[in-house]
Amino acid sequence: MTAKVDEIAPDVFRICVYVPDFQLQFNHFLIRDDEPLLFHAGLRAMFPLVREAVGRVLDPSKLRWIAFSHFESDECGALNHWLELAPAAQAACSLVGTIVGVDDYAIRPSRGLADGDVLATGKYRFRFCSTKHVPHGWDAGLLFEETQRTLLCSDLFHHAGDGEAVTGSDVVARSKATILEYQKGPLADYLPYTPMTARILKKLAALKPKTLAIMHGSSFTGNGEQALLDLDTVFREVFGG
Ligand SMILES: [Fe+2]
Ligand SMILES: [Fe+2]
């Protein structure tokens, strides 16, 4: 098994590992810049595959930031492997994440980001958006790269299948189909629709992303604002009670 690597936006490389048993892609996003950033450390079991794929773009030992949305194995399971490999690397996640999980788990202190903080990697600027309980987890947050308008979406727009690296077609419909399928089994209730959910998704929509870098499924290019508003409608229908 090898990972697929595609540049989905300038200097944003999507490293995709497809797991047929789950019919699911696990995507890791590598940003090539003065301070290289990897969004999603990935599962520990996938570390050799993802490390080899990172190595096709840049020297993995030069990674500076290992960022992720929330404390879950596919987001940060291999975090310590990266920290061991790259001496200057540091985890970057929400301030809540550092306090309630990451700083106990990681071998070095992480950088805790508050809503609105900017993590500059060189020519690119990542705005941290606190998204508590969206997609799930008290510690959830996302990064928005402001110069190219790329939103690193974590589990938002999650959809099944081994689709293309980037699509302009309807990822909301794909995501709805996957969520409805999950509602039939043990993976039901993926997201808690809280009083904050619509506000958070509207705030993300207002960023007007051009590219949605999606953890599970194809990335999207097009009207990211409308896609996020439509996703809220789906979440409200399925999880809003
Ligand atoms: Fe998750
Ligand atoms: Fe995930």
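User: How many disulfides are there?
Analyst: The count is zero, where a disulfide is a pair of cysteine sulfur atoms within 2.5 Å. Bear in mind that this is a predicted model, where local features need pLDDT of at least 70, side-chain atom pairs count only at pLDDT 80 or more, and totals for chains, interfaces and linings use all residues. Residues are numbered from 1 along each chain as its sequence is written, chains are lettered from A and ligands numbered from 1 in the order in which they are written, and side-chain values use heavy atoms, with hydrogens and water left out.

User: Is Cys153 buried or exposed?
Analyst: Buried, with a relative accessible area of 0%. The cut-offs are under 20% for buried and over 50% for exposed, with partly exposed in between, using a 1.4 Å probe and protein chains only. Cys129 counts as buried as well, at 9% relative accessibility.

User: OK, metals now. What are the protein donors of the iron ion (ligand 1)?
Analyst: They are His70 (NE2), Glu72 (OE), His136 (NE2) and Asp155 (OD), 1.9 to 2.2 Å from the ion. Donors here are N, O and S atoms within 2.8 Å of the metal (3.2 Å for Na, K and Ca), and water is not among the atoms, so sites may look incomplete. Along the sequence the spacing of these residues is H-x1-E-x63-H-x18-D.

User: Why is that arrangement irregular?
Analyst: Because the four donor atoms subtend angles of 84 to 160° around the iron ion (ligand 1). Four donors are tetrahedral if all angles lie between 85 and 135 degrees; four count as square planar and six as octahedral if opposite donors are over 155 degrees apart and all others between 65 and 115; anything else is irregular.

User: Which of those residues are buried or partly exposed?
Analyst: His70 counts as buried at 2% relative accessibility, while Glu72 is partly exposed at 33%.

User: And what coordinates the iron ion (ligand 2)?
Analyst: Asp74 (OD), Asp155 (OD), Met215 (SD) and His216 (NE2) do, at 2.1 to 2.6 Å. Asp155 bridges this ion and the iron ion (ligand 1), and the two lie 3.9 Å apart. Helices (H or I, at least four residues) and strands (E, at least two) are DSSP runs, numbered from the N terminus. Asp74 and His216 are both buried.

User: Switching topic: which residues are buried in helix 6?
Analyst: In helix 6 (residues 197–205), the buried ones are Thr197, Ala198, Ile200, Leu201, Leu204 and Ala205. They sit on the same side of helix 6, because they cover an arc of only 165° around the axis, taking the directions from the helix axis to the C-beta atoms.

User: What covers them?
Analyst: The cover includes strand 9 (125–130), strand 10 (141–145), strand 11 (150–154) and helix 7 (224–239). Contact means heavy atoms within 4.5 Å.

User: Last one: where is Thr98?
Analyst: Thr98 is in helix 4 (residues 95–105), and at 7% relative accessibility it counts as buried. Leaving aside neighbours within four places in sequence, Thr98 is in contact with Cys93, Asp103, Ser110, Arg111 and Gly112.
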